[in-house]
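Please look at the sequence together with the model, and read the report below with both in view.

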Amino acid sequence: MTKKVIETIISALVLGALTLVFNLFISYFFIEKGTVRIGEPVQIGQNQFQISISLVNTSNKNIDNLEIKLPLNVLTDDIFVSQPIIINKLNTNYGNHSGGVYQIPKIASHEKLTMIVSSPVRIESSQIVINNNGNNLEIEYLDKISSPFKKNIGLWIINALIFTVLFGLTSYIADNRRQKQHRELIESIEKSKKEIQDEKEWMSNRFDEYHNEKALLVEKTNRLEQQVQKIHDSHIKWKVIYQSKLRDYSKELNFWRDTIRKIVYKSSESKIESSDLINIVTKNLQTYHTKIDAEENFESLIIMSKIFTEES
């Protein structure tokens with residue numbers, strides 16, 4: 001069940017509850033507490049007429065000080081009531097004609113009584129006036145009975161107006177709430193977009209820094225390689241030079257060895273071999289490197305130098 005459906009159900013329940021509360025409010029303050037029905041006059045004999053007045057209290061409260069105005073004075077003995085009740089005749093004039101006002105001090109809750117008024121002349125129902133003295137009563141004249149539709153149309157209109165107002169109010173509240181949620185959603189999206197944009201910019205800056213650091217490292221590496229290459233070249237050059245000198249020294253040494261060997265061979269009376277004599281000299285002078293084949297080493301260095309020169 002989606003959130004929108006839940007909100008719709010909640011709004012409908014709130015609307016129904018408010019409608020019920022308002023209807024109860026209207027019923028309490030506007031619905032009649034009772035009904036007074038005035039019948040049509042009936043002739044029961046010569047110069048004898050009767051008219052009925054029914055009083056029904058449908059509420060949980062008493063109806064107090066109900067006044068009934070008749071167009072002529074009638075003795076209280078000529079008013080018959082279906083059950084014992086107090087009826088007081090007030091001293092007053094009824095308009096420009098003599099008449100009587102009769103007061104019922106109290107009609108208990110949910111009580112129903114019928115009054116029969118006897119008179120020597122015909123009293124029309126329209127001549128009877130009811131003064132409810134603040135009691136919310138419905139007055140019905142049986143000779144002018146209206147249809148239930150006309151009777152309830154006012155209440156229906158009130159209910160329709162109340163329902164319209166409540167529906168508009170709940171719709172307005174629900175719409176404001178949806179708009180608020182929509183604004184919060186838009187703000188959340190904008191916040192997320194800004195955070196993503198900030199993260200993107202941060203990553204872009206970090207990438208640029210990394211790229212710059214990489215370029216700097218590559219530059220340093222190239223310079224180091226160049227320095228190492230220069231050192232290597234210098235080493236090769238100095239090695240060639242030293243080997244060249246060593247070759248020259250070796251040639252001279254071999255020459256003097258050979259000369260000494262010849263001299264020793266001719267002048268020596270002993271039978272010492274020349275090679276042994278040379279070994280004795282080498283041992284005493286500690287010049288073992290002079291016995292290395294300098295010529296072969298020098299030729300190897302010459303080849304390496306040419307290769308290195310071609311690669312450079």
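Predicted model: local features only at pLDDT ≥ 70, side-chain atom pairs only at ≥ 80, totals over all residues.

Glu111 itself sits in the loop that joins strand S7 (100–107) to strand S8 (112–119), where strands are DSSP runs of E with at least two residues and helices are runs of H or I with at least four, both numbered from the N terminus.

Although Glu111 is buried, it has no salt bridge, and the nearest side chain of opposite charge, that of Lys106, is 7.7 Å away. Here buried means under 20% relative accessible area, with a 1.4 Å probe and protein chains only, while a salt bridge needs a side-chain nitrogen of Lys or Arg within 4 Å of a carboxyl oxygen of Asp or Glu. When neighbours within four places in sequence are left aside, Glu111 is in contact (heavy atoms within 4.5 Å) with Leu55, Val56, Asn57 and Gln83.

## The whole protein

The protein has four helices and ten strands, and of its 312 residues 21% are buried.

## Basis of the values

Residues are numbered from 1 along each chain as its sequence is written, and side-chain values use heavy atoms, without hydrogens and water. Local features need pLDDT of at least 70, side-chain atom pairs count only at pLDDT 80 or more, and totals for chains, interfaces and linings use all residues.

How values were computed: Buried < 20%, exposed > 50% of the residue type's maximum accessible area, 1.4 Å probe, protein only. Lys, Arg positive; Asp, Glu negative; His and termini not counted.
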